[in-house]
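Here is a short tour of one chain and the neighbour it touches. Take a moment with the sequence and the fold, then read on.

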Amino acid sequence: MAKITLSNLRHSYLPNPSGPADYALKEIDLDWRDGGAYALLGPSGCGKSTLLNIISGLLNPSEGRILFDDKDVTDLPPDQRNIAQVFQFPVIYDTMTVRQNLAFPLQNRGVNQSKIAERVAEIAAMLEVEEMLDTRAAHLSPDNKQKISMGRGLVRDDVNVVMFDEPLTVIDPHLKWKLRSKLKELHQRVKATMIYVTHDQTEALTFADQVVVMQEGEIVQIGTPVELFERPQHTFVGHFIGSPGMNILPATVENGAAMFHGNAVALEGNVTGSGGTTELGIRPEFIKLSDAGIPARVRKVSDVGRHAVVETIVGDIPVKAVVDSASVEQGEEVHLTFEPAQTRLYRDGWIATEVAQ
Amino acid sequence: MKTENQKAWFFVLPVLILVAFNALVPIMTVVNYSVQETFGNNVFFWQGLDWFEQILRSDRFHAALGRQFLFTFLILIIEIPLGIIVALSMPRKGFWVPVCLVTMALPMLIPWNVVGSMWNIFTLPNIGLLGYFMNDVLGINYDMTQQPLSAWITIIVMDVWHWTSLVVLLSYAGLVSIPDAYYQAAKIDGASPWKVFRYIQLPKMKTVLTIAILLRFMDSFNIYTEPFVLTGGGPGNSTTLLSIDLVKIALGQFDLGPAAAMSLIYFAITLLVSWLFYTLMTKDDAK
């Protein structure tokens, strides 16, 4: 177990990168706390798998260093870094039994037989796969195969970090939550640092204490699920997290006050900076339908169970609101009020309001 | 209630007719010959199983069968490992992939009798490039037209040259189908290159290798053209493989009865070995 430090990390798949566009990873500086449960969240192609492969040593970064507990491991091969990785598609050794699969990493490191047997039994109990120890791994179902590939990572008691690269992709939906809670439970038991890569916000938010949101090779925000939801640092985070995502509305700033479609809108705090493109960001959960406020027309109402999503249109700008019950109908004229403490201004994508006092 | 309907037979009729003309009728002709004696003019005498008994007891058949098994065994034991090694050392991506693949496919595109002629000219002592090089440059006494050992080495090398590519291409197809994650996981698990081969590459190649071995077994067990063109079965009878012997009996001596009996025995052996091998290789998967 170890603290992981990424320092000035950059990576390009091209031999001679010239501009920022050539980099799959642009300048990453990050500390992963020992024993933390992290999620790396971002759309496909944002560089999260690249980052993971750099930490595991399958890829050498173009620039920058990787430290495990302040020890430089940048030039060490994967097997000497003592890491474990679970891949998108379960990797198991077909011809071996489950027991042999679990013992394999220990055997390769010359651990003695009694210790191997002990560890395998322990991990099998933890993963609840004891009754299948002597079946051939090739005959297991995908979720059990994925469990075994996790087990091969956990069986070594000296792992610095366990990494998961979208491990639930091939798992049936009804087994996903089961495996996910198993993962969470494993983290609490083994206390290893865990990094979970996914593009699924539900997986990220349920698994991790800290979520690292990435976009186009950059880290946009690091925070707890609550922080990411309540105060996104970037419009991308606001839009990417939440269902439906944050409303991002074109706005102008006049004398320190925000104007949206001819209406003054109260913000959470003072506006910082100047110039650039300004936008308002407010989550649908914090918009209310009322008698006074910004006039809008209801375009569509979808009842999603516990609440309803009302899609309205202000001028030609769509605004979504989440209300407890669908009390309005399509075509109806309504008024919207934004909760000031949850209304933020973004300048060129980045947050530009001070925190409310 | 189950409804009985015989209409389906009507639809398979065209296939039955086709199969009858290209397989059943010729085979039945052979069966017909194998139990009768003929002196021409379409006059036949019933022989029962005499021909079969004669063939099975004949030293000549035993010798040809022994040579046949030796030949097939030798080419398999060379071509399969060699093919795997070549496939493993071929690049998986980049400019050289098509170059390697085309180069590998070339020997297989050459007609069998051309291969025989090529190797014949190539290895003729004194005038062939290899023959000249061995005898007059290296001073090694090599003459495939006179020495059985030289003849054997030549037909084996010729077959390896002609057919190792098949094993290479099939193994390669198996290898490129292995996802990168397997190699990455093996690296993280600290597996040695031998263990990567033993537990990842070999199991993933198993199906294609089974097919490769089967195809190479059947082809080499039935081989005729190449050794016939190269050595004509000689010197003496030293490279007279089963099919060459069969043609000698059937067309050389015009002993149609024994030749027919021999073909059927030959066919049965090929079928039996292929079936045994396939059953053994696929038994594991069913478990």
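Chain B has a radius of gyration of 24 Å, whereas a compact globule of 287 residues would come in near 19 Å. Keep in mind that this is a predicted model. The C-alpha trace of chain B spans about 80 × 75 × 30 Å along its principal axes. As for burial, 28% of the 287 residues of chain B count as buried.

Now to the fold itself. Chain B is built from 12 helices and two strands. If you look at contacts in chain B between residues at least 6 apart in sequence, 70% of them join residues at least 24 apart.

What about the partner chain? Here 12 residues of chain B are in contact with 19 residues of chain A. Two helices of chain B, H8 (180-188) and H9 (193-221), each supply at least two residues of the side that touches chain A. H8(B) gives the largest share of that side, six residues.

| Class on the side of chain B touching chain A | Number of residues |
|---|---|
| Nonpolar | eight residues |
| Polar | two residues |
| Charged | two residues |

Definitions and conventions:
Residues numbered from 1 in each chain as written. Chains lettered and ligands numbered in written order. Predicted model: local features only at pLDDT ≥ 70, side-chain atom pairs only at ≥ 80, totals over all residues. Contact = placed C-beta atoms within 7 Å. Helix = DSSP H or I, 4+ residues; strand = E, 2+ residues; numbered from the N terminus. Nonpolar A, V, L, I, M, F, W, Y, C, P; charged D, E, K, R; others polar. Rg over C-alpha atoms; globule rule 2.2 N^0.38 Å. Buried ≥ 20, exposed ≤ 12 C-beta atoms within 10 Å, placed from the backbone.
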